[in-house]
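Work through the exercises below with the model open. Try each task before reading its solution.

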Amino acid sequence: MIPYEHKVQYYETDKMGIVHHSNYIRWMEEARVDFLEQIGWGMDRLEALGLISPVTGVECKYKVSTRFPEKVTVRVGIEEFRGVKLKIKYAMYKEDGTLAIEGHSEHGFLDTDGKIISVKKEFPECYEALMTHAGGTFES
C-alpha cells in the first residue's frame, strides 16, 4: 500500500501559521478513501453496490504541530473489523519522520434504506479485502 500524502495548504493554517486542528480529521477521511481505492473497494464502487459507510466516531491525538508548506504522510491500518463495524487507525508523519498525529475513525455499514448490514454476509468479497488488511498494523 502506498501511504497517503498531503501537502499542507496555506488556507489550512491559523493566524499562528499552524495547521488548524480540524484539518487532521479531513486528512484522515482523505486517507481512508485513498486506502479503500487502493484495495479495490473505492467509495464509488461501494455506493454503486448500495453500501454506505457512515462515520460513527472519530478521535485525534495531537503530538506535534504541522505547518505550511510541509508534506504529511498518513499511514492507514485496520484496527478492528468484524463485518459490521470498521475501526481504522491513522498515523501522520512530518517529512523528517516525526509522528505528528495519531487518530481513529469508526464506520458502520448501511444499505440505501439505512438498515445496518453485515459486510461479511452481504458483500463477502469486500469483507475478505478488508480482512486481508486487518490486524492493527499500518500499511507501508
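**Exercise 1.** With which side chain does the side chain of His107 make a polar contact?

*Solution.* First, a caution: this is a predicted model, where local features need pLDDT of at least 70, side-chain atom pairs count only at pLDDT 80 or more, and totals for chains, interfaces and linings use all residues. Residues are numbered from 1 along each chain as its sequence is written, and side-chain values use heavy atoms, with hydrogens and water left out.

Step 1. Take the definition. A polar contact is a pair of N or O atoms within 3.5 Å; within protein, one must be able to donate a hydrogen and the other to accept it, and residues adjacent in sequence count only if both atoms are side-chain atoms.

Step 2. Apply it. The partner is the side chain of Ser105, at 2.7 Å.

Step 3. His107 belongs to strand β5, residues 99-107. Strands (E, at least two residues) and helices (H or I, at least four) are DSSP runs, numbered from the N terminus.

**Exercise 2.** Is His107 buried or exposed? Which residues does His107 touch, not counting residues up to four places away in sequence?

*Solution.* Step 1. Set the classes: buried is under 20% relative accessible area, exposed over 50%, partly exposed in between (1.4 Å probe, protein chains only).

Step 1. His107 counts as buried, because its relative accessibility is 0%.

Step 2. List contacts, meaning heavy atoms within 4.5 Å. Beyond four places in sequence, His107 touches, among others, Glu29, Arg32, Pro54, Thr56 and Tyr90.

Step 3. Turn to Pro54. This residue sits in the loop between α2 and β2. Pro54 is partly exposed, because its relative accessibility is 29%. Pro54 and Glu106 are 52 residues apart in sequence, yet their C-alpha atoms are 8.5 Å apart.

**Exercise 3.** Where does Thr13 lie, and which backbone oxygen lies 2.7 Å from a polar atom of its side chain?

*Solution.* Step 1. Thr13 is in the loop between β1 (4-7) and α1 (22-38).

Step 1. Thr13 is buried, because its relative accessible area is 17%.

Step 2. The oxygen belongs to Tyr10.

Step 3. Setting aside neighbours within four places, Thr13 contacts Val8, Ile18, Val19, His20 and Phe68.

Step 4. Follow Phe68. Its peptide bond to Pro69 is cis, with omega near 0°. Most peptide bonds are trans. Pro69 lies in the loop between β2 (55-62) and β3 (71-81).

**Exercise 4.** In what order do the elements run from the N terminus?

*Solution.* Step 1. Count: 4 helices and 5 strands.

Step 1. Read the order: β-α-α-β-β-β-β-α-α.
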